Amino acid sequence: MKHKYIILNLALGLVGFNLSAQVEEYKYCGSDEIMRQEYLANPALQQEEEYLHQRSWEEGMMNVMNNRASLPSPYIIPVVFHVMHDHGGENISDAQILDAVAVLNQDFRKTNADTSQIVAPFGLLAADTDIEFRLAQIDPNGNCTNGIDRIQSMETYVGDNDCKLNQWPRNMYLNIWVVRTIASGAAGYAYYPSSVNSTNDAYKDGIVILSTYVGRIGTGNVSTARALTHEVGHYLSLPHVWGSTNNPGVACGDDGIFDTPETKGWTTCNLTSNDVCNPGQDENVQNFMEYAYCQRMYTYGQGAAMQYALNSAVSGRNNLWSPANLAATGCMNVQPVCAPHADFDATKTMVCAGGALTLLDNSWSSDATAWNWTITGPANFNFTTQNPSISPLTVPGSYTVSLIASNSAGSDTITRPDYFYVSPTTATFTQLNSEGFEDPNFMYYGYMINNRGNNANYFFRTPGTSHSGNACLMLSNFGTTDRGDKDELITPSYHLDFSTGLQLQFSYSHATACVDEDDNEEALKVYTSIDCGQTWTLRWTRYGTALCSAGYDANFFVPNSQSLWETVTVNIPATAAAANVRFKFEYSATNDNCGNSFYLDDINILGTNVGVGEASAPNLFSIYPNPSDGNSVISYSLAEQSDVQIQMFDLTGRLVQNVFAGKQQAGSYTQPLEGESLATGTYLVQMIVGDKVSTQKLIMNAQ
């Protein structure tokens, strides 16, 4: 689906909010846009919606208001937050969610302190809706929970109906999905109860909201914290105060509720001259169902309308607050402590040798009180603190992390293989380099593949298809439903601070199976890092149809012609011509329902060497035989007396053999490599002659 962003730049005069004078960019509600799409697909649904809002409300609300003494007080709604995340900032804390629930309860029970700022005549109409929200304490399977369900999924980058994973029964819980991105560009959206009443539409029920619009702390803030209050209003059948459109300020309209005046709708907080629709009658700019971001109130009529929705069987709203359901969801009494669900993040997952990182306990379902960390790799560590710092990390290589999180109710274990990588401070390659993926062992040279979605789509070597030679890398997206997926290829490190005119050249081939080019949302981005992958700088990107070198192909795409490939040259600035440079290729797909295969080949580092001369020449020395059975020799010639050093390293940068070090006269030489004790694998042989450096690969076949 093509993105339709609903983002406006507003200079807001917000009353009582501690905001800077800087113009801020706000996102608005996507409910009406989502429901318009539903109406187009099902016109009868709109008629049902109009019946509920226009014909039933007045009678239903009056019944509610006339019989308030016999109605429950308060209506308690069990809530579950499904936090969809990719271990980024969208994985908001329990404290931020608790704050969001506090905001909801203050707004719905009229205990928010800023009600004192409601302007006349609306202060007298501001209502306590008698509706409260409590995080569920028992999940649908009868297990202990804190009402927070954390799900690692690339769907967090999509944020539409299909991202609503692990929905809990909608007649028992209000489901709220927290995401990083919403496809429409809105801050959040929800459906009216009647829009999702059918069994086929039940999976859509609930609220989707951006992580930055949840609560007042963490990634949230005071000015956007009421977005969830607004969306719950839709969830309980309230339209915008100007009616069911997403276009405030266009035409005067009404929401069908007797005590909210006709209005065009507001995106600025004009609290004095706002009698636009009916001169002499002010409009309710501070209403929670407005867009003005200075919301303070619901009216009595809106409260009655929401109570009416809660007394209706439509979409099971009348079961939410029933005593039986409150007991089933644990919202009646204080529940026992739950065992934690072990989880963790880190401040970084790539670091230079000698650097440090901190492991962050992110266990959920309940707070852990004890932790046992085990880190295994080229060096081993063990910690029992909550958020241990590892400093310094001196031994290069990949490390696996395990965490046992426990409290009085029990424990849980999680293990992540190859979770972080310590990079050698010495670059793997000390000359300009080419990689055509002809060697099946190319990963041994320092390439890293990150399968961010932990799925079947990732970069892998495929023989028989290539831009040149006989192999390339492939990423298969054909027929996949893994939307929002991201996959990365990270190159070895290069010593390039002796180069000028630095360029990265590569060839790729890609086709789309999307009939509508607007549905093609694949992107390729290229980054550089000069700090061992701790931070990355974007250098090049290509998106959508422009990325399709091979156009449209409805079948599984294979580039069987050179004309289907495209070669790209990216200029790399001098600031990135450093002593330890890595490149990263990131392929992402927001809408992969019509994706297709992507191929990458011939990664070349180009440039001019300054003051090095022969240092980067590939024939500075030779190794034979290569691959080796353990009895290879190095052969080289010197034109003059020189200081010579020859060393062998493994691919983590660990020195495995000092071959030779000393001064030699002009002439030809051979040096034996003692490889009989070395394990099968790929090694790097480095030769330094004066100020000249050359590195070559040696493949060792153990006997």
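Which residue of β24 does Tyr527 stand opposite? The structure examined here is a predicted model, in which local features need pLDDT of at least 70 and side-chain atom pairs count only at pLDDT 80 or more, while totals for chains, interfaces and linings use all residues. Residues are numbered from 1 along each chain as its sequence is written, and side-chain values use heavy atoms, with hydrogens and water left out.

Tyr527 stands opposite Leu538 in β24. Helices (H or I, at least four residues) and strands (E, at least two) are DSSP runs, numbered from the N terminus. Two strands are taken to pair if DSSP finds at least two bridges between them. Strand β23 (residues 522-529) is joined to strand β24 (residues 537-543) by six bridges, and the two run antiparallel. Eight bridges connect β23 with strand β26 (residues 582-589), again in an antiparallel arrangement; here Thr528 stands opposite Phe583. Seven of the eight residues of β23 are buried, so this strand is largely enclosed by the rest of the structure. Buried denotes under 20% relative accessible area, exposed over 50%, and partly exposed in between (1.4 Å probe, protein chains only).

Burial also marks helix α5 (residues 300-310): nine of its 11 residues are buried, so the helix is largely enclosed by the rest of the structure. Among the buried residues of α5 are Gln302, Met306, Gln307 and Leu310.

Two packed helices are described by the angle between their axes and the distance between the axes. The axes of helix α3 (residues 94-108) and helix α4 (residues 227-235) come within 9 Å and cross at roughly 65°. Axes are lines fitted to C-alpha atoms, for helices over the stretch in contact, and angles run from 0 to 180 degrees between N-to-C directions. In this contact (heavy atoms within 4.5 Å), Ala100, Val103, Leu104, Asp107 and Phe108 of α3 meet Leu228, Thr229, Val232 and Gly233 of α4. The residues involved divide into six nonpolar, two polar and one charged.

A further open sheet consists of three strands in the order β28-β29-β32, with antiparallel pairing. β28 (622-624) and β32 (667-672) stand at the edges, each with a single partner strand, so one side of each is left without a neighbour in the sheet. Neighbouring strands of this sheet are turned by 25° against each other on average, direction ignored. Strand β29 (residues 633-638) is joined to β32 by six bridges, and Val633 stands opposite Pro672 in β32.

Note on methods: Ala, Val, Leu, Ile, Met, Phe, Trp, Tyr, Cys and Pro count as nonpolar, Asp, Glu, Lys and Arg as charged, and the others, Gly among them, as polar.
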